[in-house]
Amino acid sequence: MSSILIAITLLATLAIIFGAILGFAAVRFKVEGNPIVDQIDDLLPQTQCGQCSYPGCKPYAEAIAAGESINKCPPGGESTIIALADLLGVEPEPLDAEHGAEKDVPMVAIIREDECIGCTKCIQACPIDAIMGAAKQMHTVIADECTGCDLCVEPCPVDCIDMVPVETTLQNWHWDKPENLIATSEQPHEENLEQGVH
Amino acid sequence: MSSNFVNITSPHAHGGNSTSRIMLLVILATVPGIIALTYFFGWGNLINIALASITAIICEALILTIRKRPISFFLKDNSALLTAVLLGIALPPFAPWWVTVVAVSFSMVFAKHLYGGLGNNPFNPAMVGYALVLISFPVQMTTSWASPFFLSLGTIGVEQTISFTESLQVIFSGTTSLSDAFSGATPLDTYKHLAKNETANEILQGPLFSGSENNWFAGGWEFVNIAFLVGGLALLALRIFTWHIPFSVLAALGTCSMIFGWDADLYVPWSLHIFTGATMLGAFFIATDPVTASTTPLGKIIYGAGIGILIFVIRTWGAYPDAVAFAVLLMNFAAPLIDTYTQPRTYGHDKANRGLPTKPDASDKEG
Amino acid sequence: MQTITLHSFDGGIHPQENKHQSTQTAIAQLPLPTQLIIPISQHIGAPADVTVSVGDSVLKGQQIAKPKGFISAAIHAPTSGKVVAIEKRELPHSSGLEGICIILDTDGKDQWLEEINNGSLAINEYLEADNELLINRIRDCGITGMGGAGFPTAVKMAVQNRTIDTLIINGAECEPYITSDDMLMRERALETLRGVQILLKLTSAKSCLIGIEDNKPEAIQAMEDALHKIHREHHIAVVKIPTKYPSGGEKQLIKILTGKEVPSAGIPADIGIVCQNVGTCEAVYHAVAEGKPLISRITTITGESIEQPQNVEVLIGTPVKDLLGYAGFKQEKSLFQKLLGSKSKTESKPRIIMGGPMMGFTLSSDELPILKSSNCILAPSQKELPANDLASACIRCGLCTEACPAELLPQQLYWFSKAGELDKAEQHNIADCIECGACSYVCPSQIPLVQYYRHTKGAIKDERAAQQKSDRSKIRFEARQARLDREAAEKEAKRQARAAAAEKAQAAKKAAAAEALSKQTTESAEGVDENTSTDAPAETKNPEPVDLEKLQKQLDAAQAGLKKSMDKVAELKASASEDGVENAPIENLDVFEKAVATRRDKVKLLALQIAEAKKLAPPVKKEVSREDIEKKLRAQQDRLAKTKERVDLAKEQGLDSLPALQKGLDKQMQKLKELEEELAQFDKAGA
């Protein structure tokens, strides 16, 4: 009889001790939970281009959180899809071509200012208010803020908006990744390889 | 950019070192050991090495063709050859030919190329091949060891020798009747089994242990190990690898065996641990395989010590005659983890960053 | 020689020095080139501002670009001549990008600016002079660090709110081939030391260590001899350090000489140290003691493709081809290439390197100019420095880890860079990589490690910028969204108010009808009105005074619009009648008439709303008089409505009475306005 009591007491004590440890750990090492929508939103490129068919990145983040597929963001491209897949623990999917293709280089909108008629249509289209101007006044793009989303190009009645690649300067230039000279990778130009070694 | 001048990144000078040179030097450093092996245990290992090399080169060429990689470029790096030589040394001298072929082809195809080829394999290919045949063909792998007294080509205590053609016969035709007389288990295995009911002195009287009371080494094996030690030290002097791994392997194994082996009647004494079996080969040639080892200075010490301890544990309490292969493979598993937690302190930092990046993977979005 | 405990840095390599080739002859003077190409961005910081224009004649030493911003440096004409162009030219930079250059055609006279020539800019008693004066002179002379990075010296010496206890002078020159500092110290030790004295005075450091690698015994000797000549300084010491690449790296040299480490992302001043190159010291001396700006430098020209390797004093902006021509550049073709005609593109072209073999960069053309920081032009033969164009797999041999002077794990950094794992690369301190190239030098697989690191560093920078931009975009997007929502809410509120008003108008019409029948019923109807109107604004929750004012404004606008539309209608009709076709359909008339109608409705509606709002606004206080006005207003509005109906009718039928009617309408509107104003004034007075 007493042995049962001892066993029970022992187990109870252990339970209390471990419970206390777990409780302490839960408080002490509490993970600051970032709501999932915000985490997803942080991974999206914030171009607000709407190519995903949602009116901006946040709405798409909300949609993803609600089960929308993660491959609808062309500006983010593959890296965003992989990051989202990592975050959500799902398989990365190839970019949904229906929503557009990933661009190789960052773009910026430029208004050919002498052609601008000041219709304000582009101002209304810009999701991040990066176009300055007033009715009947020439408009201009705040290049530093422009995300290159394209949304202003369509509404312009006189087609005076161009999307141009962001200019490389001495300040933002950096070396390219070395060409794939590492021979462990599949080589399209085998003869080159053979020859390169003397 | 089209211009008349070459445009490439710095540095423009190069020290002239190359992968094939490193591999070749390692192969050359095994030569003293191979000579010793041949001297004491007959032609078996030499035949194995030749067989393994041919198999390795054929396998490598085949799989490179399948993987659409340049064949001569890779064959020139000597890495396949090195794997083959190490396997040829490690396998029992009288292992049937097909054991060698299976081990080598498995190590080339599965342990190396299926992981992406040289530099990408997480496990030491030679040891993967070795472990495979050890598990699959335990009989051949435990009884094909040569007894030096019967096989030595030298003069000390020669009672009988086995000629080159006889060796070929044993390996290729599997004439077990012949090999029974000459081969058997390794000294470590023997000692371990005998220690259950005999005293150290009694065991050391046995034929495997030079028959001398004062000799704490196993006949022939000590010279083989010393030969490998010489080769290893030469590589160390040539800065092919650093002292960390061999030192920590030997130190850990020595320490463990001294602690447990003080009573030679119960456990294998430290001298046998250090100077028999594949200890030196393992410490200098196998554990130091850079692809699969830990790479940080502190990590190398931990990795080596892990191998040393595991060798002792498996040799002492495990069922297998030698433990280098398993010890190395087990530590291969641990190498990436060790690396993660043993980053050195960088210039200008108060302490080292260790572990994984703490930030969430937001930075996966590349520019 | 003072004995100083030397320390050592981890790693490092011992590449073949190849320094003897270029130290055989004394420093030569390059003949005046015909044209100089002077980029305005030769230093770290903002490009200088051009102060000359095309066609200007300039004298030697004349400022042609002034510093812009705090971290910037002036640029001077290296010789006399004429500015023939200011245009974008390719810069000597790894990127091959273009930048603004001043193109100067030399006139061969090499005529100094008068102030410099007569010595009026020189500060004679410089060791007694004011620090500010000295720093200004250094700034005016455009002195930048001549060791490689090109940081403006004046800025480095001026930003010293920290106490400096050691000045370190870098004479290590650890890169193979380069001997410009070596030759400078051999031939101009005294000037260099005087420059050191000036810098020492500026930093007020307690000691000064001049670190020179022990493979330059002549330079060490020359410096010590010069030190003996300057008797006063006892705390300047020439220190012989062991030859090991990269001991000339600022961080490494500091470690060797002091044992201290520059904190990551910090500067030497954080640990009380300032480091300057010997070449900079000499330039500082000339700037201060002679008033001469930095217009030339000593450059090593060497390599097996050069017939006479040597050190040459060249003007800044001299095209490399002049230098190559002077020293004799032979384009080689190896026998092997001749026989096989190598297909590999990197093998068939010669290679010109600006800087040394470890950290220099290749030039894409020989038209590029020498900069203030160009210490070497290296033209190696292919045998000498074979172009390494094929890497094999990394075997993790760890040789790079042993060679790394920053105690990094180059191999891990390589894997992370290759896989684009920027966060891991960052965590492995890729930012602390000094890009010395030691890892690539020892790499048996010949992997271009440094390029991987440079790429990754750039990618991390890009990513940071992208992250910041995306954060900003998010904020902007959210702000815009909030604004749109607010506007939508306002619109909705207005719409609701209008709906309520329409309802009210209906009620009012009924009420008006009732009024005609009996006054009592009117009152009761008004009671009903009040009830409904109290409900509606309560729903829309418009604050009264603001609303009223706004409504008033809207009403004014609407009325003005109405008037305009009506005018237009009239005008159209008039023109139509002028044409003589009375009843012909007038173009656009219906449109304008519709506009008139809608505007009229709007006016009505607004008026009603105002009325209502006013009714609600002041409580019962001045009921009588206010109600009177309101009644008047309402009556007026009714009248107006009637008139408008009549106008409409007239328009529809195209009656001649239309102008008259419209005049009447205008008048009525005027009256309505007056009434409304009255009401407003009344309200104001009440408030």
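Entry 1, a helix in chain B. I listed the buried residues of helix 15 of chain B, and among them are H244(B), I245(B), P246(B), L250(B) and C256(B). Buried means under 20% relative accessible area, exposed over 50%, partly exposed in between (1.4 Å probe, protein chains only). Helices are DSSP runs of H or I, at least four residues, numbered from the N terminus. The cover over those buried residues includes helix 16 (270-275), helix 17 (279-286) and helix 18 (297-317) of chain B, contact being heavy atoms within 4.5 Å.

Ground rules. I'm working on a predicted model, where local features need pLDDT of at least 70, side-chain atom pairs count only at pLDDT 80 or more, and totals for chains, interfaces and linings use all residues. Residues are numbered from 1 along each chain as written, chains are lettered from A and ligands numbered from 1 in the order written, and side-chain values use heavy atoms, leaving out hydrogens and water.

D182(C) and R186(C) pair up at 3.1 Å, N to O. They sit four residues apart in helix 4 (residues 180-187) of chain C, so about one helical turn separates them. D182(C) is buried at 3%, while R186(C) is partly exposed at 24%.

E213(C) and K216(C) form a salt bridge at 3.9 Å, N to O, and both are buried.

Conventions: Helix = DSSP H or I, 4+ residues; strand = E, 2+ residues; numbered from the N terminus. Salt bridge = Lys/Arg side-chain N within 4 Å of Asp/Glu carboxyl O.
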